[in-house]
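Please read each numbered point with the structure in view.

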Amino acid sequence: MARRIDLALPVFLFLMLVGHCRGGKIGICYGRNADDLPAPDKVAQLIEQQSIKYVRIYDTNIDVIKAFANTSVELMVGVPNSDLLAFAQYQSNVDTWLKNSIMPYYPATMITYITVGAEVTESPVNVSALVVPAMRNVHTALKKVGLHKKITISSTHSLGILSRSFPPSAGAFNSSYAYFLKPLLEFLVEHQAPFMVDLYPYYAYQNSPSNVSLNYALFSPESQAVIDPNTGLVYTNMFDAQVDSIFFALMALNFKTLKIMITESGWPNKGASKETGATPENAQTYNTNLIRHVVNDSGTPAKPGEEIDVYIFSLFNENRKPGIESERNWGLFSPDQSSIYSLDWTGRGNVDVMTGANITSSNGTWCVASANATETDLQNGLNWACGPGNVDCSAIQPSQPCYQPDTLASHASYAFNSYYQQNGANVVACDFGGAGVRTTKDPSYDTCVYLAAGSKMSTTNSSSLPARSSSSPQPLAKCFGPLISLLAVAISAVIL
């Protein structure tokens with residue numbers, strides 16, 4: 001008699017775990033400290049045109065919240081520092097706020113996060129002691145209306161909450177914040193909320209260019225790696241180092257399971273005369289590389305493959321912000337909605353800095369290995385291109401069209417050119433620490449075709465994520481491989 005096999009349990013386990021298989025999210029910060037900004041409904045249209053799904057605002061402006069009703073956008077709203085005292089003192093204040101500012105517009109407007117306070121340790125008025133009481137009152141208010149499991153509560157922080165961030169493994173919170181930090185972290189764990197932090201490699205570079213190179217801050221392939229002497233972990237960019245400094249600081253306090261969310265990161269498109277790094281080109285480079293880093297679930301050296309959610313700062317230049325010139329120039333758009341530079345929010349392609357148009361020509365140039373480069377430099381460049389550089393290096397694997405000749409220079413040339421074409425075919429993208437050189441002669445041979453921007457083999461404007469090297473699995477493969485193995489084990493257990 002045939003034996004009935006009950007697959008309900010393994011299928012349930014599989015479906016449950018699939019829910020955890022998602023890539024990191026990319027959002028945008030929508031600040032409004034500027035003159036002549038478009039009306040909120042126009043902004044909502046602009047954001048949808050850019051296919052942006054996640055937006056952070058810094059208050060609960062009713063016109064803004066209403067503008068995102070019946071859109072596909074998920075909204076993160078904020079309780080400003082100026083409201084913390086009222087929120088911390090009386091539950092009734094929070095109940096009234098929720099009744100007037102959230103409930104009439106939810107769920108037509110998909111509000112998924114509430115940030116209670118913003119970078120309170122940087123505030124000229126010390127309101128940090130009010131954060132956790134205010135968060136508790138917000139949670140109580142949400143629980144009264146049954147939304148405490150649908151809207152997540154947290155608070156944002158600057159990297160200044162650390163007393164030490166280098167090397168990353170030595171990351172430590174400033175002990176003077178311990179009185180509010182411990183209950184804050186306990187609240188986040190209890191309610192499964194992320195630790196939110198605003199990270200800016202730009203400032204690390206601007207404040208100490210002799211110690212932090214521009215390439216390191218921009219995720220550039222020619223960046224010189226930094227090794228953490230305590231762990232041996234290798235860092236190729238400042239963003240990862242900053243994220244891991246937070247992770248190690250949390251781990252030191254036994255909160256290593258807390259998810260880290262980056263609620264602000266970006267690069268200014270303009271600055272004062274001394275802010276030479278603040279340019280549209282650098283802003284586009286940083287944000288493009290950051291988006292790819294997130295979309296591909298690159299993770300960090302301490303937590304490889306871990307998805308991380310990031311909000312780009314910011315949507316508009318904000319001319320009313322005080323401070324140095326760069327403070328007013330972090331936007332992707334001017335108030336008239338004209339693009340300062342363009343981004344591919346999918347992380348799959350690239351656009352021209354000056355025109356914002358999709359790149360369709362490499363101007364008849366390719367990038368190959370320099371005859372003067374050392375084998376070490378070629379190997380480092382090859383490793384970077386096929387790894388963090390997200391180049392599809394399958395063509396130089398054994399039995400593939402570009403494997404022969406099996407030389408380091410030939411393989412590096414193919415990888416260098418692929419990265420070069422996928423990143424704007426500009427001089428910087430062919431540097432590789434001096435190991436790359438541009439040529440006007442097409443290096444293709446036999447059945448080995450070198451990419452040119454706009455060619456059918458290019459991943460630019462592809463409908464799928466860029467292929468990665470064979471040593472670096474795709475995000476879905478990383479996720480579904482273990483799940484399929486788990487399903488097989490579960491099925492075997494049921495059968496036996």
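1. Glu186 and Lys182 both belong to helix α7 (residues 178–190), and because they are 4 residues apart there, about one helical turn separates them. Helices here are DSSP runs of H or I with at least four residues, strands are runs of E with at least two, and both are numbered from the N terminus. The two side chains form a salt bridge, with 2.5 Å between the closest N and O atoms. The term salt bridge denotes a side-chain nitrogen of Lys or Arg within 4 Å of a carboxyl oxygen of Asp or Glu. Glu186 has a relative accessible area of 36% and is partly exposed. The classes are buried for under 20% relative accessible area, exposed for over 50%, and partly exposed in between, with a 1.4 Å probe and protein chains only.

2. A word on the basis of these values is in order. The model is predicted, so that local features need pLDDT of at least 70 and side-chain atom pairs count only at pLDDT 80 or more, while totals for chains, interfaces and linings use all residues. Residues are numbered from 1 along each chain as its sequence is written, and side-chain values use heavy atoms, leaving out hydrogens and water.

3. How many salt bridges does the rule give? The count is 9 salt bridges. One of them joins Arg32 to Asp59, with the closest N and O atoms 3.0 Å apart. This pair links distant parts of the chain: Arg32 is in the loop between β1 (26–29) and α2 (40–49), whereas Asp59 is in the loop between β2 (54–56) and α3 (62–67), 27 residues apart. Arg32 is partly exposed at a relative accessible area of 27%, and Asp59 is partly exposed at 23%.

4. Arg56 and Glu264 also meet through their side chains in a salt bridge, at 3.3 Å from N to O. Arg56 lies in strand β2 and Glu264 in strand β11 (residues 260–265), so that the pair links distant parts of the chain, 208 residues apart. Are these residues buried or exposed? Arg56 counts as buried, at 1% relative accessibility, and Glu264 counts as buried at 9%. Asp198 joins Arg56 and Glu264 in a network of salt bridges.

5. A pair of aromatic rings is described by the distance of the centres and the angle of the planes. Rings of Phe, Tyr and Trp (its six-membered ring) pair if their centres lie within 6.5 Å; planes under 30 degrees apart are stacked, those over 60 are edge-to-face, and the rest are tilted. By this rule there are 22 aromatic pairs. Among them is the edge-to-face pair of Tyr200 and Trp330, with 5.0 Å from centre to centre and 70 degrees between the planes. Tyr200 sits in the loop between β8 (195–198) and α8 (201–207), and Trp330 in the loop between β12 (310–312) and β13 (366–369); the pair thus links distant parts of the chain, 130 residues apart. Tyr200 and Trp330 are both buried. Ring pairs link them into a cluster whose members include Tyr202, Phe219, Trp267 and Phe313.

6. How many disulfides does a search of the whole structure find? The search finds 3 disulfides. A disulfide is a covalent bond between the sulfur atoms of two cysteines; the criterion applied is a pair of cysteine sulfur atoms within 2.5 Å.

7. Cys367 and Cys430 are joined by a disulfide, S to S 2.0 Å. The link is right-handed, with 90 degrees about the S-S bond. Because Cys367 lies in strand β13 and Cys430 in the loop between α13 (408–422) and β14 (436–439), the pair ties together parts that are 63 residues apart in sequence. Cys367 is buried at 0% relative accessible area, and Cys430 is buried at 3%.

8. Another disulfide joins Cys386 to Cys393, S to S 1.9 Å. The torsion about its S-S bond is about -90 degrees, and the disulfide is therefore left-handed. Cys386 is buried at 10% relative accessibility, and Cys393 is buried at 1%.

9. Cys402 and Cys448 form a disulfide as well, S to S 1.9 Å. Its torsion is about 105 degrees, so this disulfide is right-handed. Cys402 and Cys448 are both buried.
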